Amino acid sequence: MQWKLPLLVGLIVLGTHVCSCKFVDIDKNLKDFASAVEYAVFQFNEDQEDEFAYKFLQVHRSQRKRLTFIYLMDLEMGRTVCKKHDEDIDNCPLQEGTEEKMFSLLNSTCVERSW
């Protein structure tokens, strides 16, 4: 019976270490991360009252919470001359001059809906 207690304590300690909920850096070219970026940009445009679309320019930080598909990302986006429901926003030129807008998104959460 005595040997079971140290084993149990060892598994609990190991389990909490392995299952820590820290964000870790990931490759920004991973397929799942790229899909999450695409969805985040789409959702960002949908949530804005601005009639112009923002397009993805660059990833500054790409992280994932361990053992989940929760991503932490810092994205650079630019305001385009296209409306947000135009077809090819990725190839749309950016606005310049007085119409140009800088934007910081501090926190956004996406949750899968169950129908």
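**Figure 1. Surface and overall fold of the protein chain.** The accessible surface of the protein chain comes to about 9,400 Å², and 56% of this area belongs to carbon and sulfur atoms; accessible areas come from the Shrake-Rupley method with a 1.4 Å probe, and for residues only the protein chains shown count as cover. This is a predicted model, in which local features need pLDDT of at least 70 and side-chain atom pairs count only at pLDDT 80 or more, while totals for chains, interfaces and linings use all residues. Residues are numbered from 1 along each chain as its sequence is written, and side-chain values use heavy atoms, with hydrogens and water left out. The protein chain has two helices and three strands, which follow the pattern α-β-α-β-β when read along the sequence; helices (H or I, at least four residues) and strands (E, at least two) are DSSP runs, numbered from the N terminus. Of the 115 residues in the protein chain, 23% are buried, where buried means under 20% relative accessible area, exposed means over 50%, and partly exposed lies in between (1.4 Å probe, protein chains only).

**Figure 2. Helix α2 and its buried residues.** The 17 residues of α2 should span 24 Å at 1.5 Å a residue, and the end C-alpha atoms of α2 are 24 Å apart, which agrees; the expected span of a helix is 1.5 Å times one less than its number of residues. In α2, the residues F33, A36, V37, V41, F44 and N45 are buried, and what covers the buried residues of α2 includes β2 and β3.

**Figure 3. The aromatic pairs.** The structure holds two aromatic pairs, where rings of Phe, Tyr and Trp (its six-membered ring) pair if their centres lie within 6.5 Å, and planes under 30 degrees apart count as stacked, over 60 as edge-to-face and the rest as tilted. F33 and Y71 form an edge-to-face pair, 5.4 Å centre to centre with 70° between the planes. This pair links distant parts of the chain, with F33 in helix α2 and Y71 in strand β3, 38 residues apart. The rings of F44 and Y54 have their centres 5.4 Å apart and their planes at 85°, so this pair is edge-to-face. Because F44 lies in helix α2 and Y54 in strand β2, the pair ties together parts that are 10 residues apart in sequence. F44 counts as buried at 5% relative accessibility, and Y54 is buried with a relative accessible area of 3%.

**Figure 4. The disulfide of C82 and C92.** The structure holds one disulfide, a term for a pair of cysteine sulfur atoms within 2.5 Å. The sulfur atoms of C82 and C92 are 1.8 Å apart, and the torsion about their S-S bond is about 105°, so the disulfide is right-handed. C82 lies in strand β3 (residues 71–83) and C92 in the segment after β3, and both C82 and C92 are buried.

Figure 5. The charged end of R64 sits over the ring of F69, 5.5 Å from its centre, and that of K83 sits over the ring of F52, 4.5 Å from its centre; a charge sits over a ring if NZ of Lys or CZ of Arg is within 6 Å of the ring centre and within 35 degrees of the ring normal. L67 lies in the loop between β2 (52–65) and β3, where L67 counts as exposed at 64% relative accessibility. Most residues other than glycine have a negative phi. L67 has a positive phi of about 60° although L67 is not a glycine.

How values were computed. Contact means heavy atoms within 4.5 Å.
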